[in-house]
Amino acid sequence: MSAAIPKTKRNLIEIARQLFAKKGVDGTTMNEIAEASGYGRRTLYTYFKNKKDIYKAVIGSELEKLYASLEDVIRRDLPADDKLMIFTFSRLNVIKEVVTRNGTLRADFFRDIWLVENVRKEFDKKEIHYLESILDDGVKSEIFAVADIPRTAEILHFALKGLEVPVIRGVLNLRLDRQEDREIVYNLIFEGLNKR
């Protein structure tokens, strides 16, 4: 979370996250959050209008973890193709970890996907920007031949988002340490499906 967010608010978000993970969003009341936090209702309502407001803050907090890991990948001094490969696997692994570690919140994540998507809008813009920077580096270093970097980054972003649900549910198990997974992803992203 950003250092600009007051400590009390960060603590309230974390208490709410824990309760949501244990009892679900619907099974948790604002009174329970206030009581568990030790701050009281007045303080809770100082920062959040209602439970939906705090739920959005919890999602935002969890997404911050995802994008902090992506920023770590972006800062690495690697060739663009390696960076894109690590970015792809890291992104999918972290989103799975974030959703899985939140227990009951996992079901709420899928049930209220439109709210989650609404919260993700700004984060999605960041991710597209990260992908643009990787692609731009790859073009400059002559690793990639991409005519439209912004559009390609946007399509890659949505392709990765499309893999989230199967990865989170465990239907698709992609691992960076497994050679065959790296080859499949490499061939799809870098080589395409057609023989040239």
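**Close-up views of a predicted model**

**View 1. Tyr67 and Phe123 are both buried.** The structure shown is a predicted model. Searching the whole of it gives 3 aromatic pairs. A pair of aromatic rings is described by how far apart the centres are and by the angle of the planes. Tyr67 belongs to helix H4 and Phe123 to helix H7 (residues 113–140), so the pair ties together parts that lie 56 residues apart in sequence. Together with Tyr130, these two residues form one aromatic cluster.

**View 2. Phe20 and Tyr55 form an aromatic pair across two helices.** Phe20 sits in helix H1 (residues 7–23) and Tyr55 in helix H4 (residues 51–75). Phe20 and Tyr55 are buried.

**View 3. The largest pocket holds about 450 Å³ of space.** Its lining is made up of 21 residues, and the closest to the pocket centre are Leu156, Val185, Leu188, Ile189 and Phe190. Helix H5 (80–100), helix H8 (149–168) and helix H9 (179–191) are the elements that each give two or more residues to this lining. H8 gives the most, with 6 residues. Sorted by class, the lining of the largest pocket has 19 nonpolar residues, 2 polar residues and no charged ones.

Technical notes: Residues are numbered from 1 along each chain as its sequence is written. This is a predicted model: local features need pLDDT of at least 70, side-chain atom pairs count only at pLDDT 80 or more; totals for chains, interfaces and linings use all residues. Side-chain values use heavy atoms; hydrogens and water are left out. Rings of Phe, Tyr and Trp (its six-membered ring) pair if their centres lie within 6.5 Å; planes under 30 degrees apart count as stacked, over 60 as edge-to-face and the rest as tilted. Helices (H or I, at least four residues) and strands (E, at least two) are DSSP runs, numbered from the N terminus. Buried means under 20% relative accessible area, exposed over 50%, partly exposed in between (1.4 Å probe, protein chains only). On a 1 Å grid over the protein atoms alone, a cavity is a set of points where a 1.4 Å probe fits but cannot get out, and a pocket is an open set with protein on both sides within 12 Å along at least five of seven lines; lining residues have an atom within 4 Å of a point. Grid points are joined across faces, edges and corners, and a volume is the space filled by probe spheres set on the points. Ala, Val, Leu, Ile, Met, Phe, Trp, Tyr, Cys and Pro count as nonpolar, Asp, Glu, Lys and Arg as charged, and the others, Gly among them, as polar.
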